[in-house]
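Subject: Structure for you to look at

Dear colleague,

Here is the structure I said I would pass on. Please open it before reading the notes below it.

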Amino acid sequence: MPWDEGLVNSLVYDAPDPKEGRVLGYAQAVNEALEIALKQDPSVFVFGQGVDDPTAMFGVTKDLQDKFGEKRVFDSPLSEEGMMGMSVGAAMNGLRPVFMHNRPDFILLAFNQLVTHAAKMHYMDNGLTKVPMVVWAAIGRGWGSGAQHSQAIQGLLIGVPGLKIVMPSTPYDAKGLMLSAILDNNPVLVFEHRWLMKKDGIVPEDFYRVPLGKGIYRRRGKDVTIVGASHALELGLQAANKLAAEGIDVEVIDLRTIKPLDEEIIHESLKKTGRLVVVDTGWSMGGVCAEIGCLAAEKWFDSLKAPVRRIGLPDIPHPAGYTLEQFFYPDVKRISQTIRELVHQ
Amino acid sequence: MIRYDYHGTGFAGWQEKLNHYEPAFLLKLFRDMLRIRIIEEEIERRYWQDHMKSPIHLVIGQEATSVGACAALTRADLLYASHRTHGNYLAKGGDLKAMLCEMHCRINGCVGSRGGSMHLMDKSVGMAGSSAIVAGVVPIATGAAFAAQMQDESYVTTVFLGDAATEEGAVSEALNFAALKQLPIVYFCENNFYSVQSPLHTRQPQREIYKWAASYGMPSVLVDGTNVLAVYEAMQAAVARAKQGGGPTFIESPVYRFRAHGGAGDDSKTGYRDIAEREAWQKVCPVETYFAFLKSAGLIDEQARKVMAGEIMAETMEAFDFALASPNPTEADLYTHVYAD
């Protein structure tokens, strides 16, 4: 087994109880969402570099070309900006593109089309033109992916009006949020995380949607609020469960969508706990952590009993080597330690 | 020094083709070009008054490309434009009042004062999108053509781009994809030799743009951009090919911008190009050469032109009055349409 596969396989998640419903893997849940969308709506098409190759984007696009044909599910030229623009034009004219990328890093080549065109067209045309498109990518981490294959770029996009950004953390959400993203009439970015791809969860077989812009409590508690999304939230939840044994009662909010941001749920929790830890897979500076931290300082200062803590990435490029990575990425231990400091302050 | 010469042959030899056309059609082409010229000159004349708080990119000297190209299109066909939108918009059937309201930042502008001169759009006439980022609209138009192909729609998409756009990677990417998928699209490249004030030879090696485009695997032709009929015929062939499933076409059309890149007046005196070069091209002005051609064929005379110009001027004045009397947006208008429902 290759080293990267082994690493993802070695990750341990809480196993779902099959009595609660059908158990499905994360990548399969996304695959199911795409299949349902393709089946329901002939205007949906799925494309990107490698969607039809044997690895099928972590399994997310597996068998889709066989089922729906080469016209609707196809490999693309390595033309990130051109294909992003093509998606914008297709979306403006009746189609619903789903443009897949193995890594968010590749989307950086297409910022002109994403930021300056996709996000703006509806506004610039005074509401006449809609741009219903999904841009999907899986954040990498580990096995030497390094500075150019590990970046989590949501922080660069959170300030762009007109975009929506979805970051699921469970197989259930991955399916329901993907269906919501495809049915939304705006450009929606869906950032998955490579390390969640083999996580199992309870996933209903039928069509369902998880609403965009609404967070959810993953754990109720009274001492500290952890807020975040995607794999960072998973680590936060693991830390919270661990700290329960020490008598620290942590509330965990999964944002699911970081733009539009569910401010209400954060405020509601903060009123109770008075302590806020923001976790993110991206850089702390100027990103999701910074934005939520600023909101707390600006709007909810009276609720705060202690300073807001950010747990994102340091202001450093992603290293490639295994040892350096251990210093670079936050883990359960570091999140737990931050929470202990906050509570015992 | 004249750096970029006119290499065309004007209307020499075109007399023989005249009987292929209805006189009314030939006269309409002239009227449409004259209309754009008069409207642009009036915009230019009033620009100093500062009621139009918008950048302008005048199309004076480049009327034949817009009019000739759009004459080959139906209303259902889509046109995508760059920042130099006035000619495209008017030739495609855009509403003059809505255009001038847009330039005067009024709420009843064609895009509610969100675009200004650089972003004229009107979906109702197939003026489907424009971008002020050079080449920005080229992949988008390619996506529109992809949508037509996928949905089995019969419309053809045309996208206007400048010579400098061909230096952008996005155009290469779009041409590659259009050829790969055999999309129903026409790439119409107006080569006016200057990107703002940067001449072509400092930006591209010695080559012909249409030959470069042909290497992507599509028919590519060079057409005299001062000759409205030549443009029309090239477009007609390209559109017919696209409609028959024959895929994309690239058209390079050398033209000359008689005015500055932006704003009113010519800026040749700043030294980036020789005034003699502009003057040489003004001798093959698309409006005047075509007028002379029609006149020699007995289809129009000075008096008929004067009547035509008078009608256009009256329409233009009425549209300006309408724009100046139109309401401004309110603060509430700022917040609408950030997201679609």
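Predicted model: local features only at pLDDT ≥ 70, side-chain atom pairs only at ≥ 80, totals over all residues.

Chain contact. Chain A and chain B bury about 3,300 Å² between them, and 62% of that area is on carbon and sulfur atoms. On the chain A side 42 residues take part, and on the chain B side 36 residues. Three residues of chain A stand out: A:Tyr123, A:Met124 and A:Asn126 supply 21% of the area that chain A buries against chain B, more than any other three residues.

Leaving aside neighbours within four places in sequence, B:Thr336 is in contact with A:Tyr123 and B:Arg114. B:Thr336 sits in the segment after α12 (331-334) of chain B and counts as partly exposed, at 32% relative accessibility. The side chain of B:Thr336 also reaches back to the backbone oxygen of B:Asp333, at 3.2 Å. From the C-alpha atom of B:Thr336 to that of B:Gly262 the separation is 30 Å, with the two residues 74 apart along the chain.

Cores. The largest nonpolar core has 163 residues, and those with the most contacts inside it are A:Leu157, B:Tyr187 and B:Tyr290. Helix α8 (residues 228-243) of chain B gives the largest share of this core, 10 residues. Within chain A, both domain 1 (3-12 + 21-202) and domain 2 (216-344) give residues to this core, so the core lies between them. Apart from this core lies another, of 43 residues, including A:Ala29, A:Val44, A:Val51 and A:Leu212.

For A:Leu157, the contacts beyond four places in sequence are with A:Phe111, A:Leu114, A:Val115, A:Leu163, A:Ile165, A:Leu189, A:Phe191 and A:Lys259.

Helix α2 of chain B. This helix (residues 63-71) is largely enclosed by the rest of the structure, because eight of its nine residues are buried. The buried ones are B:Glu63, B:Ala64, B:Thr65, B:Ser66, B:Val67, B:Gly68, B:Ala69 and B:Cys70.

B:Arg259. Which part of chain B holds B:Arg259? B:Arg259 is in the loop between β8 (249-254) and α9 (275-282). The side chain of B:Arg259 makes a polar contact with the side chain of B:Glu44, at 2.6 Å. B:Glu44 is also among the residues that B:Arg259 contacts beyond four places in sequence; the others are B:Glu41, B:Leu58, B:Ile60, B:Gly265, B:Asp266 and B:Arg273.

Cysteines. B:Cys101 is buried, with a relative accessible area of 0%. B:Cys105 is partly exposed, with a relative accessible area of 23%.

Regards

Note on methods
Residues numbered from 1 in each chain as written. Chains lettered and ligands numbered in written order. Heavy atoms only, no water. Buried < 20%, exposed > 50% of the residue type's maximum accessible area, 1.4 Å probe, protein only. Helix = DSSP H or I, 4+ residues; strand = E, 2+ residues; numbered from the N terminus. Polar contact = N/O pair within 3.5 Å; in protein donor to acceptor, adjacent residues only side chain to side chain. Contact = heavy atoms within 4.5 Å. Core = buried A, V, L, I, M, F, W, Y, C linked by side-chain atoms within 4.5 Å. Domains from an automatic or database assignment. Buried area = accessible area lost by both parts, 1.4 Å probe.
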